[in-house]
Amino acid sequence: MNLLRTRIHHLIEQLEDEDLQSTWDVVHNLHCDFYMLKAIEQVKRSQQPWDILTQEEAIRLLMFF
């Protein structure tokens with residue numbers, strides 16, 4: 001793991017200052033996508049056939065959040 005950290009730091013140091021924000025945006029989006037995929041996979045593993053909501057039930061539930 002330390003080798004990967006070192007390589008990432010080296011890559012960051014090679015970036016121009018004006019490229020840092022766009023690079024951060026891409027990395028942040030990938031991080032969020034990965035986080036959501038892990039959450040979806042976890043739900044799929046624990047989901048039961050009777051856990052499915054209708055569209056109306058889902059909308060009602062979302063109103064409470």
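Me: How far apart are the end C-alpha atoms of H1, and what should its 13 residues span?
Reply: In this predicted model, the ends of H1 are 19 Å apart. Helices here are DSSP runs (H or I, at least four residues), numbered from the N terminus.

Me: How many residues of H1 are buried?
Reply: Zero of the 13, so H1 lies largely in the open. Buried means under 20% relative accessible area, exposed over 50%, and partly exposed in between (1.4 Å probe, protein chains only).

Me: Okay, His-9 then. Which helix is it in?
Reply: His-9 belongs to helix H1.

Me: And is His-9 buried or exposed?
Reply: His-9 is exposed, because its relative accessible area is 51%.

Me: How far is His-9 from Ala-58?
Reply: C-alpha to C-alpha, His-9 and Ala-58 are 43 Å apart in space, and 49 residues separate them in sequence.

Me: Switching topic: where does Glu-16 sit?
Reply: Glu-16 is in the loop between helix H1 (2-14) and helix H2 (17-46). Glu-16 counts as partly exposed, because its relative accessibility is 46%.

Me: What about Val-43, where does that one lie?
Reply: Val-43 is part of helix H2, and Leu-37 lies in helix H2 too.

Me: Why does Val-43 count as partly exposed?
Reply: Because its relative accessibility comes to 47%.

Me: How far is Val-43 from Val-26?
Reply: The C-alpha atoms of Val-43 and Val-26 are 26 Å apart, with the two residues 17 apart in sequence.

Key
Residues numbered from 1 in each chain as written. Predicted model: local features only at pLDDT ≥ 70, side-chain atom pairs only at ≥ 80, totals over all residues. Heavy atoms only, no water. Helix = DSSP H or I, 4+ residues; strand = E, 2+ residues; numbered from the N terminus. Expected span 1.5 Å × (residues − 1).
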